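User: I have a model open and would like to go through some parts of it. Can we start with a helix?

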Amino acid sequence: MRTLRTLLPAALLAVSASAQTFVIRNERWEVNDPFKMDTASMPPKPLVDPKKAIINQVTGSVQRTVLQSGIEVTNTRKLSEVTQVIWPEMPRLTEARAFVNRGDPAKALDNVEAVIKLFEPLKKVPGSLWLDATVIKLDALDRLNNDAALGGFLDTLEKDEAASLPELATKIQLSRLLQRSRRGDHESVIRETDELIGKMDDAGVLARLHIVKGSSLLATRKYEAAMNAYLRVPVFYGTEQDQVPKALLGAAQAFRGMDGPAVREQKLEETSFRYLRDILVTYPVSKEAEEARKILPKEEIAKAEAEQKKLATAGLLPDGAAIKKAAVRPEDDQSANR
Amino acid sequence: MTAHTESSTFRLARAAILAVLIAVTPAPSVVRAQAAGAVVGAKAGEDPVTTLFREAEQLYDAKKYREALGKYVEVEQKAQEAEDMYKAVISFRKASCYYFMKDWPRTEAELTSFLAKFPKGTQDFFDADNRRGVAELTLIESFSNQGKWDAALVRLEKIRNSLTERVEVRVNAFALSAKISVDRAKSGTEEVKKAGYSQAIGFLQQAIGEGVNTPERREAAIQLVEIYTKLGLAKEAEQLKAKVDAFKTGSPADLIRSNFQLLSIGDARFTSADSAVDEAVRDTLYRQALASYQGTMRSAAVARDLAKAIKAKEEALEALTKANPKPNDETKVRIEQSKQDLEGFRKIDADFKANKDYDAFISYRIGLCLLELGRPWEAYVAFKDIFERNAGFSRITGAYYYYVITLRQMGRRDEAQKVCKEFLQKFPKADETSPVAITLGEISQDNEDYKEAINHYQWARDNVSNLSPDAAMELDFRIAACQFSQFEWDEARKAFDAFSAKYVRSPVRQQVLYMTALCWFYQGKYKETKEGFDKYQAEYPKGMFIPDVRYRQAIVRFGVQPPETEETIRMCEEWLKDYADDKSDEIQVQLPDVHTLVGDANIRLAEGFDKAIREADLVARAAQSPAARAQALAKKGEIEKQKEAFTGKAIDAYVAAAKLGMRNANALEFVLRELNKMLPGRGEHRRMRELYMELYNWDTKDPKALTYLYEVIRATERMGDRKEFGERSEEIQKKFSGELAKARLKVDQLERATPPVKASIDAAKNEVKALSAKLADELAVVEKERQAAIARAKDNALKILSDAVAENINDRRQEGAEKLIGFLAEKLAKKVKRVRPGTKPEPGAYTSADAEIEMRKLLRLDENKDSLVAQARGFYALGQIAVFTREPAKTELNFNKIAANYKADELSPTILAVVGDHLLEKGDLAKAETYFAAILTVARSSEYADYGYAGQAEIQMRRKKYKEALALCDEAIEARALMSKELNVMFIRAQCLAETQKYDEAKKGFEEIAKTKEWRGDKTAGSLFWLGMIEERQGRLPEALAFYRRCYQGWKRYESWSAKGYLGAARMLVKLNQRPDAKVLLTEMLSKDRIKETPEADEAKKLSLTL
C-alpha cells in the first residue's frame, strides 16, 4: 500500500538555498555579499541590505541587527562559529575562471584574491568558497608560467591545515606535476600521472591529469602516446569544458608531431587543422584559440570563422562558447567617451 | 553504418539496478505503529475480544496474514455491537490481510465495503489519518491488478478532482493514473499503446503542473522522464530531468538514479539518431547522445557513491539502534525501514559490482557516436579504452569490428589488417567474423595490392570456420575480381566460370557475366568477347553495364579482322547520342574513351588513303607530260583532302576526349600524346594553347597543372613563329628566284660572249647583286616581323607564367609556387647574355640586372608589398636567377636577405629548406635551427620534411648533442622522411653513434654508406675516415691506418676528408713507431695545393716538427 512519505526538510532546504547564508549555532543568517556594489554611487560602494548580516573581515566576525520587541538588537558572532556556508553563486569566481580560460591570468588573480581573503577564516567550513578560489588561483598561476610565484604559493598551501582537504591535496599534486613537467622532468611526471589516473575517479581531476601527461609526452616527442592522452579529455571528459580546449590544442600539436611523408594517407596535418579549427569555433575567446590562430594558415582561420558564424546563427554552440567580437575600427571606437 | 543493438545483458543489468532503486527509495509500507501500540498497550484482564484482537495484531505484525485474518474474522463476529470505529479498524485490517495475500477480489470487496460503510474511516484509532485515502489507493491498486482499469481510473478521477483531498494524495493519484494508463495499454496495439502513453503524459504533466518542489511531484516527474525517454522524446526528458536534478538532495541514491536516467536519455537519442533521415538532425542527435554518455558517471564514481550511501545507512542504523535499546513500536518501524534501505543499497551494490560491462558500454557508445560524427581519432581512443581496461567486455567482438572501421577511416591500413587477423584468431565464433574476414582483404584490395588481397581472402576462406554462406560467396567473388584487377585474365575467367557454376543464383551474376566477357576482351579474343557481351545483353538488356558493354562491342568491331571501322564509328555515335547528356560518374568517365575510339577509327580511315596518295604521287612523278602530271597531282590533292577530312574528325574527337578527360587519366594521357604529335605539326599552336589552358584551369594546384602550364607556354611561344612567315618568305624567294635566274643567265651569257664586254658584265653582275640585296631586304622584313611576333609570344608566355605564380605567391602553403618561380627564373636567365667576370656587357644587352627587374615585375612584387611570403619569394626568385646565371655571390646575398628579414613562420617550406641549408652551410646555426624547426612543426608532411630532420640533426651534432641528433635521425627513419636527405641523415646518425661509443652500430652505418654506389662522393670519403677513427678509438691501429689510407688515396677531390685521412694515417704511423714514414707522408700531404689551406695542414706542420 502506498503511503505519502514526505521529505519536506530537504525540500525546504533546497528552496531556501538561494541567498548567501551562514549557519551559526543552527541559526541561519543571511549575509550581505561584500562584492555586490552599488554602481549608481560614485565611487561605487558595497550594497548593504540592513536585514542581512554584515561580514567584518577585520574583526573576523559577522553582525546582524534585528528588531526584538520594537528594539534594534545587534548580534555579533565570530566567523569561527560558522558551521556551514551557503553561497550559491559568486560572479567574481565565474569571471576569474573565464579570465583563466581566456589566458588572462593576471585579471583572474585580481578577482580571486579578495575571495580567498574573505573565506580564509572559513576555509574548512562546508560550502566555503575558499577552496574554489584557491583552485582558480593555482590555475591562474599555472597559466602565468611563473614558477617562482606558483612554487611559493604551493609551499604555503602545503603547510596550511587545509592542505588535507582531498580536492586541494589533489590540486596541489597536479600543480606540482605541471611545474615539474615545465622543468623537463618528463619521465617521472608521466609515471606519476599514470599512477594517479588509476586511482582517481573525479572527471575534472582525470581530465587535468591527462593533459599534464600529454604535455610531458609531447615534450619527449612521444607523439602518438601524447595524442592518446590528450584525446581522452574530449572523448571521456567532454563535460569538463575548461579542459577541452587545452586538450584539443595538445592533440593538434601531437598530430603535427606524428605527421611525416610516410604517413601522408593519415592526413595528419588536416586532422591537426581540424582540431585547431574546433578550438576557434567552439572556444573562440580562450587562450588556446589565440595559440590556434598563430598556427593555422589564414584560409583555415577564415573557414573556422565562417563555421562559427553558421553555428552561432543556428544556435548550435555549446554553453560557454562565445563569438569573438569583431574588431572595432579606430574611427568607431567610442570607449574614450565613457 | 547502423547502430549496434545493445546487449540484453546490459539492458537487464541496468533494469535490475533501477528496479531496486525504485523499490527502496519511495518504499511503500504500512504505517501501523499507533494501531499496534494500542493493542500492545492493552491492560491486563482485558475482555476476550480485545485479547483476540491483540493476538490478531501480533500475527499481523509477524506477517502471518492468513492466521491474522482468521482472528480478525473471529473478532468481527464477536464484536458485532462494537462502535463503527472498531468495526472499521477490523474491516481495514481484513482488507490489508487480503492485500498482502494478494487476494485481489477479496481486497476489492472488503475495501469497497469499508469505504461504503465507514464514511469516517478508522477515525483517530491509528492516528489522525482515518485510512480512507489509503483504502482508496489500495482499492485502485487491486482494480489495477485485476485488469479493471476503468474502475481504477474512475476512482482515481475522484481523488484527482477532489478539492478536499491533500495535494500529495492528488499528485499520487495523477501518478498512479499514469501508471494504470500505461499498464492498460501494454497488451494493446501500437495505436492503443500510443494513446496510453499520451494519456499518461497528460496525467503526469498535471501532477507536476505546479513544479517539482515536493518529493511526490519529483516522483511523478521522474516517471514522466522515463516515459519521455521510452518515446524517444529525449529533449523533453533531458529538460525535465534537469529540473528534477536542480532539486536533488545530493544523496547517492539521487545521484545514481540521475546517472542512469542520463544513460537512458543517451540511448534514446542514439536510437533516434540511428533512424533519423536528415543528416543535420542525425548529427545533432549523435552529438546530444554523446554529451549524455560523457556526462554519465564511470563505475568507480558509482561504486564510490554506493559505498558512501551504504556507509551512511549503516551508521544511521547503528545510531538508531544504539539510541533505542528498548525501541517502541514506532522506532521498531524506523529501524526496520532503515534495515530495508540498507539491504536495498547492498543489493544495488552487489548487482552493480556483478555488472562488469558498465564502463565498457559507455566507452562503446561514445566510440560509436564519435564514429558516426566522423571523428575517427576520438573513436579510436574510445575503443582502445575498452581493450585496455575491459578486455572481458561482453560486446568485445562488436568493439573490435568498429575499431577496424575506425582504423580504416584514420588511414591506418596496416594496423587495421593486423587487428582483423588478431580478431579472427581470437574470436573464431563471433558474429562479426564474416564482415571482418572480408575487411581484411578489402583493405589490400582498396590499396590496389591485389596479390595480398587474394592471399587474405584465401586465408579467410581456409581458416575462418563460421563464415556465413553469403560471406563465403563474397570472398570467392572478390578473389576472382582481384585476379581480374591484376590482369590475370585466364585465372580470373576460370574463377568467374567456377563462381557462376557454384552460385547459380548469385546476386552478382550480372557482374560476373560482364567480367567474364571482359577477360576475353583484354586477351584480345574478340570472338569470345562478342559472345560474352551478346550473352550479357540478351540476359540484361537494361543491365547496369550496358553502356560499357556497348562501348566495348564497338571496340570489338574495331579490333576484328577485317576491321569494321565505319561500324565502330556508327556504334560510338549511337552511344554518344544515348549517353552524352548522362551526368552519372560512370558515363562521365567513359565519355573520353568513346571519343578516343572515334578519333582512332577516323585516324585509321585517314591512314587508309596513304597508299592511294603514295600511288598518285608516283604517277605524278612518272608523268611524261605536264597535263598528265597535273592530273595526277589533282587526284593526289583530292585524296589528300579526303584524308584531311578524317584527320580533322580524329583531332576533333581527341580534343573532345581531352576536354572531358578530367576524371579519366588514361584516356587523357593517350589523347594528349596524340595531340602533342599532331597539332604542332599542323601549326595549330593556338588550338594547342587553348586546350592546355583549359586543362590547366581545371585545378591550378594539381601537380599535373605545371605540365599543362608548360605546354601552354610552349604553344604560346610557338604561336609567334607563325606559318604565314614561312609562306611569305617562300613566296618572296619564289618571286626572286626567277628574276635572279634570268639575271645570272644574262651574266653567264655576257661572260661567254666574245669578246666579253666588261662594262656589260659588270652591269649585269650589279643587277644580280641588286636583286640579291632586294631579296635579302624583303626576307629581312619578314624575319623582323617574325622575330617581333616570337618576342611578343614569349612575352605572352612569360605573362601566363607570371599570372600563374602571382596567383599563389601569397599562399605560404602552396609549394608549387617555388617550382613555377624556378621555371620563370630559368626562362629569364636564358635571356641573359653572359659575359666573363670582369667584362662589361655590350651596350643594350640583356643583363642579369635586367632579368632581376623583369622578375620583380612578373612576380608583381610591388602589388604584394604587404605580403611577407610574396616578398620572401621575390628574394628567392632573384637567388634562383643567380643560380642559373652562375653568380653565387648574388644567390648568397638574396638568401641572406631572406634570413635577415623574415621569421621562419612567415616562409614557405621550400624557402625554409633551401635557405635553411644555405644558413647551415654558412655556419649560422641559430637561424638555421629556427628554419628547420619550422619545417618540423608546420611542414612535416611537405616534400621538404627531410631537410628539417637532417638540418636539425646536423645542428645538434655540431653542438655535440649527439643523443638529440641521434633521436632526430631515428625519428626521420621511423617517419620515413629521408627522401633527398637520406645520405645526410645516415651519415649524421653513424657519426653520432661513433661519438656515443656505439662503435659496432656506427661501423655498420659507415660501411653501408661506403659501399653504396649511388652515394659515392664526399660522404664516402667521410665514411672511410670515420671507419678509421672507430678503429683508432678501439686501439686497432693497423686497421685504422688502412682506412685512413683508403680515404686520402681514393678521395683526393674531397680535400677536407683527404686532409683528415693524411693526418690520421701519419698519427697511426707515429704510434706504430714508423716515424720516418710518418714524416714522408706529412711532407706529401703538405705538398698538395688543395690541402694547404685546411686546418689539418696546420696540425700536420706541428706534428712534422716533432718527428
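Analyst: Take helix α11 of chain B, residues 215-230. At 1.5 Å a residue its 16 residues should span 22 Å, and the end C-alpha atoms are 23 Å apart, which agrees. The expected span is 1.5 Å times one less than the number of residues. Helices (H or I, at least four residues) and strands (E, at least two) are DSSP runs, numbered from the N terminus.

User: Where do these numbers come from?
Analyst: This is a predicted model, where local features need pLDDT of at least 70, side-chain atom pairs count only at pLDDT 80 or more, and totals for chains, interfaces and linings use all residues. Residues are numbered from 1 along each chain as its sequence is written, while chains are lettered from A and ligands numbered from 1 in the order in which they are written.

User: How many residues of α11(B) are buried?
Analyst: 14 of the 16 are buried, so α11(B) is largely enclosed by the rest of the structure. Buried means that 20 or more other C-beta atoms lie within 10 Å of the residue's own, with C-beta atoms placed from the backbone; exposed means 12 or fewer, and partly exposed is in between.

User: What comes just after α11(B)?
Analyst: Gly232(B), which has a positive phi of about 80°.

User: Now chain A. Which strands make up the open sheet there?
Analyst: Three strands in the order β5-β6-β7, with antiparallel pairing. Strands pair if DSSP finds at least two bridges between them.

User: Which strands are at the edges?
Analyst: β5 and β7 of chain A; each has a single partner strand, so one side of each has no neighbour in the sheet.

User: How many bridges join β5(A) and β6(A)?
Analyst: Three, between residues 54-56 and residues 61-68. Ile54(A) is opposite Gln63(A) in β6(A). The two strands form a hairpin with four residues between them, and Gly60(A) in the turn has a positive phi of about 70°.

User: And how many between β6(A) and β7(A)?
Analyst: Eight, with β7(A) covering residues 71-78. One bridge pairs Val66(A) with Val73(A) in β7(A). This hairpin has two residues between its strands, and Ser69(A) takes a positive phi near 50°.

User: Back to chain B. At what angle do α20(B) and α21(B) pack?
Analyst: About 145°, with axes 9 Å apart. Axes are lines fitted to C-alpha atoms, for helices over the stretch in contact, and angles run from 0 to 180 degrees between N-to-C directions.
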